[in-house]
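Colleague: I would like a close look at the charged side-chain pairs in this model, taken slowly and with the local surroundings in view.

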Amino acid sequence: MIKLIACDMDGTLLDIAKRLPAELPEVIAKLKEKGVLFCVASGRQYASLRRDFDAYADDMLFICENGALVMQRDQRVLIDPIDPSFISGIVTAAKSLEGVYPVVCRADVALIEKTASPEFIRNTKMYYPSVEVVDDLTALGQLGDVCKVAFYDEGDAQTHELPELKNHLEGPLAVILSGEHWVDVMKPGVNKGCAMRGIQQKLGISPEECMAFGDYLNDCELLQAVGESYAMENAHPALKKLARYIAPGNDDNGVMRVVREQLGLAEA
């Protein structure tokens with residue numbers, strides 16, 4: 001029996017226009033009646049997710065910052081931050097690359113440097129509504145609650161910034177491709193799957209009682225942490241090979257269709 005459903009946002013729950021399914025509030029209410037907890041598992045910050053799900057956030061669980069932070073009813077359930085001594089070296093790791101910008105993601109706010117790139121500012125504000133602009137990220141000192149450092153690439157992240165960041169940082173830190181334009185640097189071993197296992201332990205539920213949906217490489221560990229794993233039809237090929245099932249694509253309302261079918265939720 002499924003007790004927890006975890007779902008990535010971009011490319012999974014959201015359609016290509018970044019819209020939530022219109023039926024989501026009704027589905028979450030029906031899941032609550034069945035004793036099933038709905039969880040969003042995203043690279044986004046909590047402020048972004050809390051805003052998007054404001055009307056029914058109290059009935060949900062939030063895996064934020066690709067697993068470094070778990071929130072429920074505005075309370076921290078889990079946090080697994082980067083060693084503060086690494087932060088300065090991380091933010092300078094891609095300084096030589098054009099069109100690459102770091103975002104230092106604290107638990108409550110994202111920090112960026114002043115820049116003339118409107119594309120970077122637009123994309124940062126889309127994913128990080130709680131943002132502060134500073135003169136120099138390397139002058140911040142020792143910050144104890146940095147969940148990750150995300151790098152935005154105006155070009156193709158996989159071929160441009162990813163090799164450079166791996167070369168400079170991989171080993172003491174985990175370097176993860178999280179989207180077409182994004183790479184995340186985190187504490188090794190911290191990911192959505194690690195967060196999911198922590199949740200399972202806290203709630204006393206088994207992997208077999210959990211279902212998860214994803215579309216990109218930062219969802220691999222999440223799908224491996226549950227019994228019922230779904231890659232979207234539009235997912236990265238490597239994720240589709242790893243998943244137990246394939247769901248219809250994000251533009252075909254795949255998550256809602258599978259959830260309704262598998263949990264016996266009637267159409268409105």
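Are K148 and E65 buried or exposed?

Modeller: Bearing in mind that the model is predicted, K148 and E65 are both buried, and their side chains meet in a salt bridge with an N to O distance of 3.3 Å. This pair links distant parts of the chain, since K148 lies in strand β9 (residues 146-153) while E65 sits in the loop between β3 (60-64) and β4 (69-72), 83 residues apart.

The count of salt bridges comes to 24, and another of them joins R44 to D10, whose closest N and O atoms are 2.7 Å apart. Here too distant parts of the chain are linked, with R44 in the loop between β2 (37-41) and α3 (46-52) and D10 in helix α1 (residues 9-13), 34 residues apart. R44 is buried because its relative accessible area is 5%, under the 20% limit, and D10, at 18% relative accessibility, counts as buried as well.

A further salt bridge connects E233 with K240, the closest N and O atoms being 3.1 Å apart; E233 counts as partly exposed because its relative accessibility is 46%, and K240 counts as partly exposed at 26%. Elsewhere, salt bridges that share partners join D10, K18, R44, R51 and D52 into one network, and the R44 and D10 salt bridge described above can be read with that network in mind.

Key. Residues numbered from 1 in each chain as written. Predicted model: local features only at pLDDT ≥ 70, side-chain atom pairs only at ≥ 80, totals over all residues. Heavy atoms only, no water. Salt bridge = Lys/Arg side-chain N within 4 Å of Asp/Glu carboxyl O. Helix = DSSP H or I, 4+ residues; strand = E, 2+ residues; numbered from the N terminus. Buried < 20%, exposed > 50% of the residue type's maximum accessible area, 1.4 Å probe, protein only.
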